[in-house]
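Here is a short briefing to read alongside the model. Have the viewer open and follow along.

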Protein chains: 2
Amino acid sequence: MGEKDQDIKSPMKRVGSTRKIVMFSSIRQQLNEQLRCLDTRVESQIGLIQEIQDFFRRRGELELDYSKSLEKFARGLLLKHKEQKQKRDHWPIFSTFACWQHLVKETQSLSKDHAILADLYSISIVASLQTTIEDVQRIYKKVKLIGYEIHEDIQHLLQELHTTMKTYQRYESECKSAKLKLVTAESQRKKLEQTIAKEKLDRNKKYKLTEKEIVKRDTKYKDARLKALKAKTEYQLCLEASNTTIHKYFVEDLCDLIDCMDLGFGSMISKAILMHVSADQGRSRAILQQADNLSHLIHSIDCRADKQKFLEHHHAAFIIPKRLELQYQQDQTEIIEVDIKKELHLDMEQRLETLGQRLRDLRIECDEVWKSLETAETKLLEHYNNKDNDTSDIFTEGKLYIHKTPNSNITPKLKAEKQDIEDYYIMVSCRKHFLQINYYCYCRKFENI
Amino acid sequence: MGEKDQDIKSPMKRVGSTRKIVMFSSIRQQLNEQLRCLDTRVESQIGLIQEIQDFFRRRGELELDYSKSLEKFARGLLLKHKEQKQKRDHWPIFSTFACWQHLVKETQSLSKDHAILADLYSISIVASLQTTIEDVQRIYKKVKLIGYEIHEDIQHLLQELHTTMKTYQRYESECKSAKLKLVTAESQRKKLEQTIAKEKLDRNKKYKLTEKEIVKRDTKYKDARLKALKAKTEYQLCLEASNTTIHKYFVEDLCDLIDCMDLGFGSMISKAILMHVSADQGRSRAILQQADNLSHLIHSIDCRADKQKFLEHHHAAFIIPKRLELQYQQDQTEIIEVDIKKELHLDMEQRLETLGQRLRDLRIECDEVWKSLETAETKLLEHYNNKDNDTSDIFTEGKLYIHKTPNSNITPKLKAEKQDIEDYYIMVSCRKHFLQINYYCYCRKFENI
């Protein structure tokens with residue numbers, strides 16, 4: 001509120017002539033008090049908007065800092081990746097690499113969203129609230145002026161009421177004095193009627209004069225009486241109008257004035273804060289979308305496909321070599337003599353029996369190994385797949401945050417167990433082939449003989 | 001990989017005796033190349049995990065900074081509020097104050113969530129990935145050792161194959177020389193049979209000796225032949241076993257080795273990143289919840305209720321004053337004379353007619369004002385309620401961000417129009433009562449007469 005506004009005193013203060021009437025003075029004080037209350041009210045409104053504006057201005061700065069940090073971070077990651085290109089040459093073979101790429105992209109996107117948020121807070125919402133402040137100030141200036149005018153109107157009404165009352169009172173006393181004069185003349189006539197004989201009265205000069213005076217005074221009284229009655233009606237009507245005006249001012253007009261002050265206050269603040277609400281909703285959806293995409297990538301991690309890519313990438317090292325061929329002597333006897341054939345057969349049959357026995361032993365051994373291998377694998381997968389990676393519930397409002405590390409519920413004993421199983425699993429799953437190879441070779445030999 | 005690991009040379013390099021056989025040498029080179037590839041692979045895996053670990057470590061730091069800034073900001077707001085308690089004494093009267101309170105509370109909650117996020121990134125996920133790195137390194141160490149062992153086994157097989165081949169070749173040439181000796185003896189016997197008469201042959205000493213020699217050489221040859229055949233079978237079986245082993249190693253065992261290397265790699269990285277995904281989902285839900293709460297508060301903003309609270313708070317200033325009473329003279333004539341009554345009535349009837357006319361004019365004026373007031377209010381509400389406060393769509397991925405300020409689509413012309421309507425609205429809505437008051441007073445007077 002400018003100084004100019006404060007200089008305007010309520011017109012009620014100038015109602016000097018009514019000061020004697022306590023009620024008038026009390027109303028005047030009340031109206032002045034009202035304007036003081038409205039001043040305080042608009043100051044609170046503006047203070048509140050400025051506080052909210054300040055909130056968004058500073059939140060905007062915070063968001064911008066955060067956005068810049070994220071952007072710088074993501075840029076650094078990409079730069080490092082470019083610099084170490086040679087060292088990271090094989091990374092794209094792994095499907096997990098896509099996750100890393102997504103993390104970087106997601107960070108950039110998050111940075112962008114917080115930059116938008118910063119802009120929205122520091123520029124849009126601050127500007128919107130600035131408009132609201134100006135609106136509230138401008139409107140209050142007008143409302144206050146109208147308030148003064150209404151107060152002036154009420155003062156005029158009260159002055160008019162005072163005047164009509166005074167008029168009524170004057171006319172009323174004039175009427176009374178006219179009545180008194182009439183009554184005096186009438187009592188004079190009565191006295192004459194008692195002292196003078198009835199037949200002489202008509203010719204008595206004094207009596208005639210008195211009679212004339214009575215007629216004159218009666219006319220005067222009736223005029224005064226009419227004037228007083230008219231003034232009374234005027235006073236009554238004026239009182240009624242004053243009471244109605246004051247009552248209406250207190251019941252309706254004050255409300256209208258305050259409604260005008262609030263014009264836009266609530267709705268503009270709502271709008272500004274709703275921008276923040278919808279921005280939060282928007283950025284939440286963006287985060288959820290990114291989380292969905294990343295989740296999809298995680299579930300696309302395929303170690304078998306990665307392995308295949310790796311083998312293809314190093315084709316020369318992992319291609320199956322040509323079979324080794326028999327190194328025969330150039331000239332050799334093809335026909336085996338009958339007796340040699342017989343002896344050879346005898347020898348082979350003995351070997352066959354030995355091989356058959358070894359084969360049965362190996363088969364039993366293999367079956368047992370397979371069984372324990374399956375158990376080990378199941379246990380190992382249990383260790384890897386324990387479901388303590390869902391952290392979403394720690395953000396639920398009011399929920400106590402319990403520090404979570406993956407496998408945080410794993411005791412040293414469990415960890416040792418895990419490593420034992422792991423050792424066994426690796427040893428067996430890589431070495432099982434030797435049993436199988438032996439088994440396989442003996443089978444082949446057995447068949448060839 | 002430690003130095004110790006690099007010192008272990010592939011056993012294939014020690015297969016010196018087979019160097020002459022090109023195929024053996026080629027297989028040896030290939031196996032060494034494979035180990036080099038696996039080294040590179042595990043380096044890439046660890047590099048990738050370390051990069052992701054580094055990502056979360058640094059994101060954690062960023063989140064912590066952001067969280068601290070938010071916390072400091074919120075604390076500052078509350079401190080300022082406490083300091084300015086007196087000045088802000090009337091704020092709680094406004095329902096908009098609850099929005100400000102929510103903004104502060106929301107900031108604190110956001111700070112808490114980002115602190116949790118920082119913890120999750122810097123501690124939980126980093127620790128989880130550290131475990132993964134250790135797992136991958138430990139497992140690879142074992143896998144590499146097993147790889148060496150398999151290579152050694154293959155080398156032994158190839159050496160054995162080489163030995164059996166050499167044995168077979170030696171026995172084969174022994175068999176050949178035995179055969180040659182046998183054939184020489186037989187040709188000697190033939191020569192004797194041709195030079196000596198048939199009947200003298202049985203008694204010929206030289207022939208007898210030759211015959212004995214043939215029997216001896218035949219036995220020797222048959223022994224050599226059996227040995228050579230056995231060695232050939234041994235060689236064939238050994239070749240078969242070598243081929244099977246090598247084939248199985250390339251087709252199955254290498255895959256098993258790589259599978260063991262990947263044991264936990266994919267699933268542990270998935271788990272770590274899924275923690276991030278679920279955390280993002282959790283914090284999004286928290287943001288949405290806060291937005292919902294704030295939205296609810298915004299829709300609870302009630303200017304009328306605020307006004308009522310304000311009026312109650314300043315009860316003394318806004319209480320309706322007592323009605324003004326008629327100030328009658330003490331003694332007054334109650335009975336109005338008949339002729340005065342008549343004249344009074346005549347006068348009143350004239351006033352009534354004047355008032356009636358004024359009343360009709362006012363009624364028309366009032367109706368018009370009401371109509372234009374309604375139009376103005378509708379227009380003004382249009383200005384306030386234009387729906388450009390939904391900013392959620394600017395966060396949709398890929399959508400171009402168009403800078404939005406509330407009323408940004410309002411031209412100066414529209415703004416001027418808004419202020420004109422506002423002026424009119426305030427003026428009329430506050431001043432309409434005077435028309436109404438006049439109307440009301442005239443009505444009352446009309447009725448009283």
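This is a predicted model: local features need pLDDT of at least 70, side-chain atom pairs count only at pLDDT 80 or more; totals for chains, interfaces and linings use all residues.

**Two chains around an axis**

Residues are numbered from 1 along each chain as its sequence is written, chains are lettered from A and ligands numbered from 1 in the order in which they are written, and side-chain values use heavy atoms, leaving out hydrogens and water.

**Fold of chain A**

- Chain A has ten helices and zero strands (DSSP runs numbered from the N terminus, with H or I of at least four residues for helices and E of at least two for strands).
- Of the 449 residues in chain A, 49% are buried (buried means under 20% relative accessible area, exposed over 50%, and partly exposed in between, using a 1.4 Å probe and protein chains only).

**Salt bridges between the chains**

- Over all chains, the structure holds 42 salt bridges (a side-chain nitrogen of Lys or Arg within 4 Å of a carboxyl oxygen of Asp or Glu).
- A:D259 and B:K307 meet in one of them, at 2.8 Å from N to O.
- A:D259 sits in helix α5 (residues 205–262) of chain A and B:K307 in helix α7 (residues 303–313) of chain B, so this pair joins two chains.
- A:D259 is partly exposed at 23% relative accessibility, whereas B:K307 is buried at 4%.
- B:E240 and A:R323 form another salt bridge, at 3.8 Å from N to O.
- B:E240 belongs to helix α5 (residues 205–262) of chain B, and A:R323 to the loop between α8 (315–318) and α9 of chain A, so this pair too joins two chains.
- B:E240 is buried at 14% relative accessible area, while A:R323 is partly exposed at 47%.

**A salt bridge within chain B**

- B:D135 and B:R138 pair at 3.0 Å from N to O.
- The two residues are three apart in helix α3 (residues 96–195) of chain B, which means about one helical turn separates them.
- B:D135 is buried at 5% relative accessible area, and B:R138 is buried at 19%.
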